[in-house]
Amino acid sequence: MRIATYNVNGVNGRLPVLLRWLAETAPDIVCLQELKAPDERFPAEAIAAAGYQAIWHGQPRWNGVAMLSRVGAPVETRRGLPGDPDPSQSRYIEAAVAGVLVAGLYLPNGNPQPGPRFDYKLAWFEALAGHARSLIDSGLPVVLAGDFNVVPTPRDVYKPERWQEDALFAPEVRAAFARLVDQGWSDAIRTLHPDATIYTFWDYFRDAYARDAGLRIDHLLLSPALAGRLRAAGVDRDVRGWDKSSDHAPTWIELAEH
């Protein structure tokens, strides 16, 4: 089973790219972020025509998360993160699909920092950690998938010295991510590719994609009950080079069946 996460950076404006990627790679379950569309403007018909059932949590202009599945309808278990310091922002959706509990999330960017946006990011991280602990304690097979807006280590960013003042690379944010993983989650990419240079995001500016000046900020974390089933993980980085593509590339894992 292949589970992917993809920040589409506008689900309607980049719908042709999303549909092409779905057709070419056929992931079983997909978590989307940055829909940038209210619920009524989610392209449900086009997604259904591509063979996917979907649930979504939209918001006008900003944010928004969704989950697509071609292996059975996602059974929604939670919409919105418990304890979210600003529940008006659509950043979390959770569902049971094909025997796995999938949590799709879009963590706040946090820039500029210091400031209220950075404070919100840290508060959201704390709320996520609290809920993630309950998911670990449940003993269920769980994947946390999404755009975490966190560069975990210097090897996850091109020229880390240039990101010292950015909220994605701030020491407090990296420490929060480390504490989350230390609950017992496995970072799928690093589990299978511990030393590889792997990025999931390339800015539109300064020809970043062509220079491979990227960051790894999209992650899939596996609970102990699921980690043993991990067989492959990677990034469909070529999608970033398609015409009118998102500045993120789809990131995925493959799990063995029970």
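Predicted model: local features only at pLDDT ≥ 70, side-chain atom pairs only at ≥ 80, totals over all residues.
Residues are numbered from 1 along each chain as its sequence is written, and side-chain values use heavy atoms, with hydrogens and water left out.

The protein chain contains seven helices and 14 strands. Helices (H or I, at least four residues) and strands (E, at least two) are DSSP runs, numbered from the N terminus. For 258 residues, a compact globule would have a radius of gyration near 18 Å, and the 17 Å of the protein chain agrees with this. That radius is taken over C-alpha atoms, and the globule rule is 2.2 Å times the number of residues to the power 0.38.

Strands of a sheet pair through backbone hydrogen bonds, either parallel or antiparallel. Here two strands are said to pair if DSSP finds at least two bridges between them. Contact means heavy atoms within 4.5 Å; axes are lines fitted to C-alpha atoms, for helices over the stretch in contact, and angles run from 0 to 180 degrees between N-to-C directions. Valine 97 and valine 100 belong to the antiparallel strands E6 (residues 92-97) and E7 (residues 100-106), which six bridges join.

Strand E12 (residues 218-222) pairs with two strands of this sheet. With E8 (residues 142-147) the pairing is antiparallel over five bridges, and aspartate 147 stands opposite aspartate 218. With E9 (residues 186-187) the pairing is also antiparallel, over two bridges. Five of the five residues of E12 are buried, where buried means under 20% relative accessible area, exposed over 50%, and partly exposed in between (1.4 Å probe, protein chains only). Asp218, Leu220 and Leu222 lie on one side of the strand, and His219 and Leu221 on the other.

A second open sheet of six strands has the order E3-E4-E2-E1-E14-E13, again with mixed pairing. Strand E3 (53-57) and E13 each have a single partner strand, so one side of each is left without a neighbour in the sheet. Within this sheet, five bridges join the antiparallel strands E2 (residues 29-33) and E4 (residues 65-69). Helix H1 (residues 15-25) lies across E1 (2-7), E2 and E4, running at about 165 degrees to E1.

In soluble globular proteins, nonpolar side chains tend to be buried together. A nonpolar core is a set of buried Ala, Val, Leu, Ile, Met, Phe, Trp, Tyr and Cys residues joined through side-chain atoms within 4.5 Å. The largest one has 31 residues, and those with the most contacts inside it are Ile3, Met67, Val143, Leu222, Ile253 and Leu255. Apart from it lies another core, of 28 residues, among them Leu81 and Phe125.

Histidine 248 is placed in the loop between strand E13 (230-235) and strand E14 (251-255). This histidine counts as buried because its relative accessibility is 3%.
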